[in-house]
Structures are given as structure tokens and as C-alpha cells.
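Here is a short briefing for a first look at this structure.

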Amino acid sequence: MIVIMGASGTGKSTVSAYLTRQFGIPRVLTHTTRPARQGEVSGVDYYFETPTSFTQNHYLEAVTYSGYQYGSSYEGLTRAWAQNDLVSIILDTAGGMTYQQALGAQFAGLFLTVPDAAHLADRLVARGDAPARVAARLASAETKRDLTLPPALAPFTIVVVNADWAATKRALAAFVATFTA
Ligand SMILES: Nc1ncnc2c1ncn2[C@@H]1O[C@H](COP(=O)(O)OP(=O)(O)OP(=O)(O)O)[C@@H](O)[C@H]1O
Ligand SMILES: Nc1nc2c(ncn2[C@@H]2O[C@H](COP(=O)(O)O)[C@@H](O)[C@H]2O)c(=O)[nH]1
């Protein structure tokens, strides 16, 4: 399982979509109580939940991130694995730690970063996020934490600086090749 991590705006969803498009690697959909962003669809981007419906799934792990609940359910994992042996999932680093412990050798971390975190706000605003929401997200303890890869995950994780998209695509191709070699 490719576990994609990184702070908000580093490009996790963009990379995950590229892995699906280019290499046929499906993404495990996770559940959240945060409101959908413009263009996001339940069952495509997330399973969007109410606080009550969130409790009705069976989670391998769940976290609170920037004031909302997120969780990866066994139901979501089963659906993705029915499509392909190699799947990706987007998690915060706390979830990444849980998955590394649960999956052992099947865990392949992919940590995204940018050369200058000051550019993250510009990316999120360009994505269409409201400036107030961007400020709250980037000020959150979880986003600050996820600017850095936890040392415990370093042996099992590659780091990709996602600035020049062509370079990112080359790094992803080399990474994916390690699973098919
Ligand atoms: N290499 C890149 N260069 C410039 N912009 C990029 C690059 N990669 C992604 N982006 C853009 O940055 C914005 C944020 O990307 P994305 O939504 O994939 O980030 P994310 O890490 O999933 O964020 P979040 O955790 O907030 O959902 C998007 O508008 C995306 O198109
Ligand atoms: N530990 C988990 N983290 C998750 C899960 N689903 C998403 N995430 C992470 O949450 C933040 C915020 O996501 P956003 O879409 O609101 O920007 C981000 O770091 C995701 O990686 C999950 O099920 N478990």
C-alpha cells in the first residue's frame, strides 16, 4: 500500500489522481466530517459524513485534523483492494504511523514536501479554498506537524519534493517501478 502523506497543499490528491490515471493504482476512499470543497463528490473524493454517520463505519484508524474527523474504514480498504493489489491512501502522519505498524513490509510511504512552505497558501487559494479557511488550516497544529516526516517513518518512506511537476512524475515512475520489477 502506497501511503501518501504531507502537509496541506503539498499535492497529495494531485499525486494520488496521477497514480490512478497513469498506473491504474486506485485510492482507498476515507471518511470525513469536513464539508465538501467545491467540486468534491461523496464516494469519489471522500465519503462525506455527519458526526453521527461517521460513527457507523468500522475504522482501522481515525484522527481529528484541523477540527474535523477523518477515518479509514475496513469497508473502504476492501473496495479498493477488490480493484487492485497495489492501492494508495492519503493519510496524515499520525495515520501513517498506525498503518506502518499495521502493515509492516506492505507499507510504502510517499511523503510530499515543497521547497518553501510559504507557497502552500497560494496553492490552496488557487485551488479555490476560501482565504479564511486556508489560514485556519495552515495554522493548525496538524498541518505544522505534517510539514516534517516523522523520523520513525523515514526507513519506509520516500520523500518527493513536489515543485516541478515533470520532476515529480519522474520520481513517481521510479517509485512505482519498484513494485512491478
Ligand atoms: N507540482 C505542483 N506545482 C504547482 N501546483 C501544484 C503542484 N502539485 C499540485 N499543485 C496544486 O496545488 C494545489 C493543492 O494540491 P492538492 O489538492 O493535491 O494538495 P493536498 O496535499 O491534497 O492538499 P489538502 O491536504 O489540503 O487536501 C492544487 O491546486 C494542485 O493543482
Ligand atoms: N489519519 C487519517 N488521515 C486522513 C484520512 N483521510 C484524510 N486524511 C488526512 O487528513 C488531512 C486533511 O485532509 P483534507 O482533505 O481535509 O485536506 C490530510 O493530511 C489527509 O491526508 C484518514 O482516513 N485517516
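Ile 4 has Ile 90, in E6, as its bridge partner. This is a predicted model: local features need pLDDT of at least 70, side-chain atom pairs count only at pLDDT 80 or more, and totals for chains, interfaces and linings use all residues. Residues are numbered from 1 along each chain as its sequence is written, while chains are lettered from A and ligands numbered from 1 in the order in which they are written.

**Sheet**
- Strand E1 (residues 2–5) pairs with E6 in the parallel sense over 3 bridges. Two strands pair if DSSP finds at least two bridges between them.
- Helices (H or I, at least four residues) and strands (E, at least two) are DSSP runs, numbered from the N terminus.
- The open sheet has 4 strands in the order E6-E1-E7-E8, with parallel pairing.
- Strand E6 (88–90) and strand E8 (157–161) are the edge strands, and each pairs on one side only.

**Ligand 1**
- The shell around ligand 1 holds 15 residues, each with its C-beta atom, placed from the backbone, within 6 Å of the ligand.
- The closest are Ser 8, Gly 11, Ser 13, Thr 14 and Arg 127.
- Helix H1 (12–23), helix H5 (119–126) and helix H8 (165–180) each give two or more residues to this shell.
- H1 supplies the largest share, 3 residues.

**Confidence**
- The predictor gives the complex an ipTM of 0.98 and a pTM of 0.98.
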